[in-house]
Amino acid sequence: MNKPNMVSRAIAFVKRTLDNPSTFANPANWVRDALGATPSTSGVSVTEQTALRYAAAYACINVLSKDIAQLPTKVYQHVGLDREEARQHPVWKVLHDRPNEWMTPFTFKQVMGSHVVSWGNFYAEIERNGAGHVLALWPLLPDRTKPVVRDGRKSYVTTVTEPNGQKREVPLS
């Protein structure tokens, strides 16, 4: 590309930007593209948070997540070529009886379902005792949790906001 063509394109870009300034309420297309946002056919950007402001979206998420929460949660073990419920397995109690001290299995699965339907993912921190046995599962917000690769191993980090407003990433094991 020759220099006069580059200069004229840069001038045209600046003119377009000045004629149609980008704002938070109405971002320019290049801003949307850079941030990975996708406007809907109506031109309104829809996110997980904005969707929940609409009764229809909330109702759909609620119905789906409650249906998911009603599904049985069981742990199985192989017995020959067959399988049977493993009620004595250490994870059975966490999944079937009490995922954590604040949630019933129904509530935990409903949160799981709503995260999957809204964000497309569900993450939970696994609380373990000194022997490595699972004690509890704590839901994490999918928009604040992400997989990372460190030293060739996949792990997860979640972003927390401290009381003073500062954000920090917490590695999960």
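1. Let's start with what covers helix 6. The cover over its buried residues includes helix 3 (48-51), helix 4 (55-70), helix 5 (90-97), strand 3 (123-128) and strand 4 (134-140). The buried residues themselves are Pro 105, Phe 108, Lys 109, Gln 110, Gly 113, Ser 114, His 115 and Ser 118. Please keep in mind as you look around that this is a predicted model.

2. Spanning residues 105-119, helix 6 has 15 residues, and the distance from its first C-alpha to its last is 21 Å, close to the 21 Å expected at 1.5 Å a residue.

3. How far can you trust what you see? The mean pLDDT of the chain is 82, and 76% of the residues score at least 70. Helix 6 has the highest confidence, at 94, whereas helix 2 (residues 29-35) has the lowest, at a mean of 59. Where pLDDT is low, the predicted coordinates should not be read in detail.

4. Now for the overall layout. The chain has 6 helices and 7 strands. Their order along the sequence is α-α-α-α-β-β-α-α-β-β-β-β-β. Of the 173 residues, 21% count as buried. The chain exposes about 13,200 Å², and 57% of that is supplied by carbon and sulfur atoms. Among contacts with a separation of 6 or more, 31% are between residues 24 or more positions apart.

5. How many aromatic pairs does the model hold? The count comes to 3. One of them joins Trp 102 and Trp 138 in an edge-to-face arrangement, 5.8 Å centre to centre with 85° between the planes. Trp 102 sits in the loop between helix 5 and helix 6 while Trp 138 belongs to strand 4, so this pair ties together parts that are 36 residues apart in sequence. Is Trp 102 buried or exposed? Its relative accessibility is 71%, so Trp 102 counts as exposed. Trp 138, at 22%, counts as partly exposed, because buried would require a value under 20%.

6. Another aromatic pair brings us back to helix 6. The ring centres of Phe 108 and Phe 122 are 5.6 Å apart and the planes stand at 90°, so this pair is also edge-to-face. Phe 108 lies in helix 6 and Phe 122 in the loop between helix 6 and strand 3, so the pair ties together parts that are 14 residues apart in sequence. Both Phe 108 and Phe 122 are buried.

7. Arg 83 lies over the face of Tyr 76, at 4.0 Å from the ring centre.

8. Which loop holds Asp 151? It is the one between strand 5 (145-150) and strand 6 (153-161). Asp 151 has a positive phi, near 55°, although this residue is not a glycine. With a relative accessibility of 82%, Asp 151 counts as exposed.

9. Finally, take a look at Lys 167. This residue is part of strand 7 (residues 167-172). Lys 167 counts as exposed because its relative accessibility is 63%, and the cut-off for exposed is over 50%. Leaving out residues up to four places away in sequence, Lys 167 touches Thr 159, Val 160 and Thr 161.

Terms used
Residues are numbered from 1 along each chain as its sequence is written. This is a predicted model: local features need pLDDT of at least 70, side-chain atom pairs count only at pLDDT 80 or more; totals for chains, interfaces and linings use all residues. Side-chain values use heavy atoms; hydrogens and water are left out. Helices (H or I, at least four residues) and strands (E, at least two) are DSSP runs, numbered from the N terminus. Buried means under 20% relative accessible area, exposed over 50%, partly exposed in between (1.4 Å probe, protein chains only). Contact means heavy atoms within 4.5 Å. Accessible areas come from the Shrake-Rupley method with a 1.4 Å probe; for residues, only the protein chains shown count as cover. The expected span of a helix is 1.5 Å times one less than its number of residues. pLDDT is the predictor's confidence in each residue, from 0 to 100. Rings of Phe, Tyr and Trp (its six-membered ring) pair if their centres lie within 6.5 Å; planes under 30 degrees apart count as stacked, over 60 as edge-to-face and the rest as tilted. A charge sits over a ring if NZ of Lys or CZ of Arg is within 6 Å of the ring centre and within 35 degrees of the ring normal.
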